[in-house]
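Keep the sequence and the model in view while reading.

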Amino acid sequence: MKTIVIGVIGADVHAVGNKIIEYVLKAEGYNVEWIMKYNFIAGAEVEDANRDLVEAGCKLIYNNSYDHAYEIPAVASEYPEVQFAHATGTMAHTENLPNFHNAFASIFSASLKKTYDPDEDDDDKMTERIVLLVENGQL
């Protein structure tokens with residue numbers, strides 16, 4: 001089985017999204033290893049954290065905060081073999097870097113179409129629904 005190392009920079013790390021990523025990659029025959037980095041707001045420390053994850057062997061790095069967007073292009077241009085994704089940001093489509101992506105491009109509109117009953121739905125049921133959407137090609 002092939003292994004892919006994924007880095008995540010952020011406080012809450014979008015846990016449901018990580019479960020989806022791992023589910024899809026495992027279905028494709030990958031063993032997934034995660035390296036998490038927490039408590040980075042913006043600036044040079046975000047650039048350094050991205051470089052640290054590249055040096056640790058990450059081939060895919062997710063940045064969690066809107067403010068991380070400004071540091072990603074410099075690092076992405078240095079490491080074209082690594083894919084960088086930015087949640088909540090808008091810069092990926094304007095930077096013209098083939099390895100810099102917006103992580104919420106499809107998920108946002110799909111989640112708006114789904115309704116949840118907070119009295120009945122807990123995190124496990126929400127995760128189950130998201131996995132079913134992935135399995136059915138709807139997400």
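## A pair within helix H1

Lys26 and Glu22 are four residues apart in helix H1 (residues 15-27), which puts about one helical turn between them. Helices here are DSSP runs of H or I with at least four residues, strands are runs of E with at least two, and both are numbered from the N terminus. The side chains of Lys26 and Glu22 form a salt bridge (3.2 Å, N to O). A salt bridge is a side-chain nitrogen of Lys or Arg within 4 Å of a carboxyl oxygen of Asp or Glu.

This is a predicted model: local features need pLDDT of at least 70, side-chain atom pairs count only at pLDDT 80 or more, and totals for chains, interfaces and linings use all residues. Residues are numbered from 1 along each chain as its sequence is written, and side-chain values use heavy atoms, leaving out hydrogens and water.

Glu47 and Arg51 are four residues apart in helix H2, and their side chains meet in a salt bridge (3.0 Å, N to O). Arg51 also pairs with Glu78 (2.5 Å, N to O). Arg51 is in helix H2 and Glu78 in helix H3 (residues 72-78), so this pair ties together parts 27 residues apart in sequence. Shared partners join Glu47, Arg51 and Glu78 into one network.

Asn50 lies in helix H2 (residues 44-55) and is buried, at 0% relative accessible area. Asn96 is exposed, at 69%. Buried means under 20% relative accessible area, exposed over 50%, and partly exposed in between (1.4 Å probe, protein chains only).
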